[in-house]
Amino acid sequence: MKVADFDFHLPEELIAQTPLKKRDASRLMVVDVARQNITHEVFSNIASYFNAGDTLILNDTKVMPARLIGVKPETNASIEVLLLKQEEGDRWETLVKPARRIKEGTVVEFGDGRLKATCVRVADEGIRSFEFSYEGIFYEVLDSLGEMPLPPYITEKLADRDRYQTVYGKEIGSAAASTAGLHFTEELLDAIRSKGVNIAFMTLHIGLGTFRPVKVDDILDHEMHSEYYQVSEETADLLNQTRENGGRIITCGTSATRTLETIVHANGKFVASVGWTDIFIYPGFEFKAIDGMITNFHLPKSTLIMMISALAGKEFIMDAYQKAIAEKYRFFSFGDAMFIRLK
């Protein structure tokens, strides 16, 4: 299977640069796999597609202000450091620009020295590990010095950085937002609960590898990144009960989907779990955990469009994307949403 099979032309003007004024005012494409039918909706009406006894799973990760701009003290050269994941203690894996300036032992300072980073590992593709030193609480220092790590296709400045957070995010640690969840408001979640739908939470800290186009020709040659996840016993029990009672399990986002499929494929059922997943989902994959997914519109040739092609069928998804382009849907992080329903 070739990566080129998942390519499509997207007019640049359809890449959403800013969020809509109202979170739930985005458009919603409902992709009914069983009926091979596509419906155009508004996200604020998504509650009508849930049934009593269903369970909606949300990823409660919270985005770090992970983009830091610092200097090398000896040369005063500007260095951009993007936090990807915590390795241990104050040691973090990062993406650096320009990476050629950073060797083992190189020190970078941020905020007039309030935060210092010493390079302790050099890897390929701009990856560097830093040991950070500071006074106080790391996340408070980061909150005062860091910027939201918006994807490179967003070129406009974000006026309110809370708009790159879900309303329910609480577990800080992601380098990117769970963008499918950006459409939900507290009022909309209450409307879903009022229908007798369970809402449960899990955590997967999203890394930038999720959004990168695959660079190999054959998708089987792609090496998937790993991401940290945790699912509580309460959530696992609720999911098993939903299955036993005949309800549907609907995930919000590819991150929640990766987590649940990782657990069920390893255990045969939902269990409380903490770990790292590098599961790669592409056409031919057998879904065992979910009955539907809420997601945004994804980058060409990305692992994300491969995942939803596995869920709904490649030809059906590529046709849906062409319809979205023709109907001028807004794409990517601040764009519109898709609800893929299997039953």
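**Sheet, hairpin, helix and cavities in a predicted model**

Strand 12 (residues 198–204) and strand 13 run antiparallel and are joined by two bridges. The strands here are DSSP runs of E with at least two residues, and helices are runs of H or I with at least four residues, both numbered from the N terminus; two strands count as paired if DSSP finds at least two bridges between them. The model is a predicted one, with local features needing pLDDT of at least 70 and side-chain atom pairs counted only at pLDDT 80 or more, while totals for chains, interfaces and linings use all residues. Residues are numbered from 1 along each chain as its sequence is written, and side-chain values use heavy atoms, with hydrogens and water left out.

Back to strand 13: Tyr-229 in this strand stands opposite Leu-204. Strand 13 also pairs with strand 15, again in the antiparallel sense, over five bridges, and there Tyr-228 sits opposite Trp-276. Strand 13 (residues 227–231) has two faces, a covered one made of Glu-227, Tyr-229 and Val-231, and an uncovered one with Tyr-228 and Gln-230. So which sheet do these strands belong to? It is an open sheet of nine strands, in the order 2-1-17-16-14-3-12-13-15, with mixed pairing. Strand 2 (37–42) and strand 15 (273–277) stand at the edges with a single partner strand each, so one side of each has no neighbour in the sheet. From one strand to the next, the twist averages 25° (axes are lines fitted to C-alpha atoms, for helices over the stretch in contact, with angles from 0 to 180 degrees between N-to-C directions). Elsewhere in the order, strand 3 (residues 55–59) and strand 14 (residues 249–252) run parallel and are joined by three bridges; Ile-57 has Thr-251 in strand 14 as its bridge partner.

A hairpin is made by strand 5 and strand 6, with four residues between them, and Asn-76 in the turn takes a positive phi of about 65°. The two strands, strand 5 and strand 6 (residues 77–88), run antiparallel over six bridges. Val-81 in strand 6 is the bridge partner of Leu-68, and Leu-68 belongs to the covered face of strand 5 (residues 67–72), together with Gly-70 and Lys-72. The uncovered face holds Arg-67, Ile-69 and Val-71.

Next comes helix 4. Eleven of the 14 residues of helix 4 are buried, so the helix is largely enclosed by the rest of the structure. Buried means under 20% relative accessible area, exposed over 50%, and partly exposed in between (1.4 Å probe, protein chains only). The buried residues include Thr-254, Arg-258, Leu-260, Glu-261 and Val-264. Just after helix 4, Gly-268 has a positive phi of about 80°.

A few loop residues deserve a mention. Glu-125, in the loop between strand 9 (115–122) and strand 10 (127–134), has a positive phi of about 55° although it is not a glycine; it is exposed, at 56% relative accessible area. Lys-328 lies in the loop between helix 6 (314–326) and strand 17 (337–341), is not a glycine either, and has a positive phi of about 60°; its relative accessible area is 56%, which makes it exposed. In the loop between strand 7 (91–97) and strand 8 (107–110) sits Pro-98, joined to Lys-97 by a cis peptide bond with omega of about -10°. Gly-181 is in the loop between strand 11 (171–174) and helix 2 (186–193) and counts as buried, at 0% relative accessibility. Its C-alpha atom is separated by 9.5 Å from that of Arg-23, 158 residues apart along the chain.

A cavity is a set of points on a 1 Å grid over the protein atoms alone where a 1.4 Å probe fits but cannot get out, and lining residues have an atom within 4 Å of a point. Grid points are joined across faces, edges and corners, and a volume is the space filled by probe spheres set on the points. The second largest cavity contains about 100 Å³. It is lined by 13 residues, of which Pro-19, Leu-20, Arg-163, His-183 and Phe-334 are the closest to its centre. By class, this lining has four nonpolar, five polar and four charged residues, with Ala, Val, Leu, Ile, Met, Phe, Trp, Tyr, Cys and Pro counted as nonpolar, Asp, Glu, Lys and Arg as charged, and the others, Gly among them, as polar.

Notes:
1 Å grid on protein atoms, 1.4 Å probe; cavity = no way out; pocket = protein on both sides within 12 Å on 5 of 7 lines; lining within 4 Å.
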